Amino acid sequence: MKKGFFLACLAITPAFAQNYEIHVLKEGETLSEVLYAKGYIPLYGENNWVQKTLEMNHLSSTQDKKLKKDFPVILPHRPEEEITAPSTQTGEVSKEVIYREKLVYQSRPRKGLLGGLISEHQDVFLNFSHRQTQSSYVGTSVSQREKFSVGLNVNGNNLRRLGNIIYDWNVGLEINSQGSASFTSNDQRNATLDPSIEAYTELDIISAKIPFEFGPRFTFEERSRINQLDEDNFGTRRDRIFWLGFNAHKSFKVLGSELETGINLKTSFLQTSLTDEKDFSASGINAYAQMQLTNDYFVGLNIESIQYDQINLASEQSFGLNFKYQIK
C-alpha cells in the first residue's frame with residue numbers, strides 16, 4: 001500500500017436526514033406485529049402501511065409470511081405526524097408524536113428500461129464548493145486559491161436487498177475551475193490550469209449490525225497538473241485517471257439537526273496522459289462533514305491529501321467549503 005494512504009484528517013460538519021429505519025426481526029415476530037407496535041395504523045388495505053412496507057422492501061405478500069429471525073426490514077418514517085401506538089396495558093390506542101423526519105419514504109420502482117434501478121424518490125442535490133490546494137515539488141510548492149466547482153449529486157432511495165445486506169447506488173458529477181497557480185519560490189512565476197471534471201458512482205451498503213454505512217467507490221477524473229520537468233523548469237500535463245476507493249459515513253443528531261461525517265480512501269489503478277507525459281501512481285484520503293441547515297440547504301467542510309509516486313509532484317493537500325441545495 002502506498003505511503004500516505006492513511007493520514008490523520010479532522011473535519012467537522014453535518015448532513016442529510018435519514019429517511020428509513022431498519023428493524024431486525026426477532027424470533028416469531030411478523031412484519032404486521034412490528035408495524036402495529038410502532039404505531040403504523042391502519043395496517044391493511046390499499047396504500048396502507050403493510051402494503052407500503054412490502055413495496056419498500058420489494059417483497060410480495062407470500063414472501064412476507066416466510067420472513068424469519070434476523071431478517072432486516074426497512075420501515076418508513078413519518079414526518080411531523082402523530083403515530084397511533086397501542087397501549088401495552090389496556091390494549092387501547094394512545095397517541096404520541098415521534099419521528100420528526102423529512103420524508104415519508106415509499107420506494108416504488110419506475111417501469112421501463114431502468115425500472116429496476118431508478119426510484120421515484122431520488123434525492124438530487126446541486127453542489128457548490130471552493131477549495132484551496134497546496135502542491136509540493138522539489139525545492140518549491142504551488143498554491144491554487146481560485147478552485148471553484150459546481151456539481152450534481154443523486155442519492156438513490158431505491159434500497160435493494162442481498163441476503164441480510166441492504167444496498168443502494170449514489171452518483172455524482174462535478175466540474176472544477178482550477179484558476180491560476182502561484183509558486184512560493186518565485187512570486188513572478190505563475191500558471192493557469194484548464195477546468196477539470198470528476199464523476200463518481202458508489203455502492204452504499206447498510207447493515208443493522210454495523211453502526212455506519214459503507215461501500216466501494218469508483219471515480220473518473222480528468223484534470224491538469226503542474227508538471228516539474230527539472231529543478232528550474234515547469235510545464236503542465238493533463239491526465240485521465242480512474243480511482244478505486246472505499247467510502248464510509250455515519251449520521252448524528254446534533255443541536256436538533258443532522259450531521260454526517262465520512263471518509264473516502266482511494267488509489268489510482270488506470271491512467272492515460274493526454275500530453276504524452278510519464279504516468280504516475282497515487283493514493284489519497286478525503287475526510288468530510290456536512291450539516292443540514294434547513295430542509296433544503298446543507299453546508300460542509302472537507303480535507304483531502306493525495307500522495308504521488310514516479311513523478312516530481314510529491315503531494316497535494318486541499319481544504320474546501322461546500323454548499324448544497326436539495327433540488328428534489
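**Salt bridges and strands: worked exercises**

You're looking at a predicted model, where local features need pLDDT of at least 70 and side-chain atom pairs count only at pLDDT 80 or more, while totals for chains, interfaces and linings use all residues. Residues are numbered from 1 along each chain as its sequence is written, and side-chain values use heavy atoms, leaving out hydrogens and water.

**Exercise 1.** Find the salt bridge between Arg217 and Glu202, and work out which strands it ties together.

*Solution.* 
- Step 1: The two side chains meet in a salt bridge at 2.8 Å, N to O (that is, a side-chain nitrogen of Lys or Arg within 4 Å of a carboxyl oxygen of Asp or Glu).
- Step 2: Arg217 sits in strand S12 (residues 213-228) and Glu202 in strand S11 (residues 196-206), so the pair ties together parts that are 15 residues apart in sequence. Strands here are DSSP runs of E with at least two residues, numbered from the N terminus.

**Exercise 2.** Look at Arg225 and Asp239, then see which network they belong to.

*Solution.* 
- Step 1: Arg225 makes a salt bridge with Asp239, with the closest N and O atoms 3.4 Å apart.
- Step 2: Arg225 lies in strand S12 and Asp239 in strand S13 (residues 234-254), so this pair ties together parts that are 14 residues apart in sequence.
- Step 3: Check burial: Arg225 is buried at 2%, and Asp239 is buried at 0%.
- Step 4: Salt bridges link Glu221, Arg225, Arg237 and Asp239 in a network. For the whole structure, the count is 10 salt bridges.

**Exercise 3.** Sort the side chains of strand S2 by direction, then find how S2 pairs with strand S1.

*Solution.* 
- Step 1: In a regular strand, side chains alternate between the two faces of the sheet.
- Step 2: From S2 (residues 72-75), Pro72 and Ile74 point one way, Val73 and Leu75 the other way, and all are buried.
- Step 3: S1 (residues 21-24) pairs with S2 in the antiparallel sense over four bridges; two strands pair if DSSP finds at least two bridges between them.
- Step 4: Within that pairing, Pro72 in S2 is the bridge partner of Val24.

Note on methods. Buried < 20%, exposed > 50% of the residue type's maximum accessible area, 1.4 Å probe, protein only.
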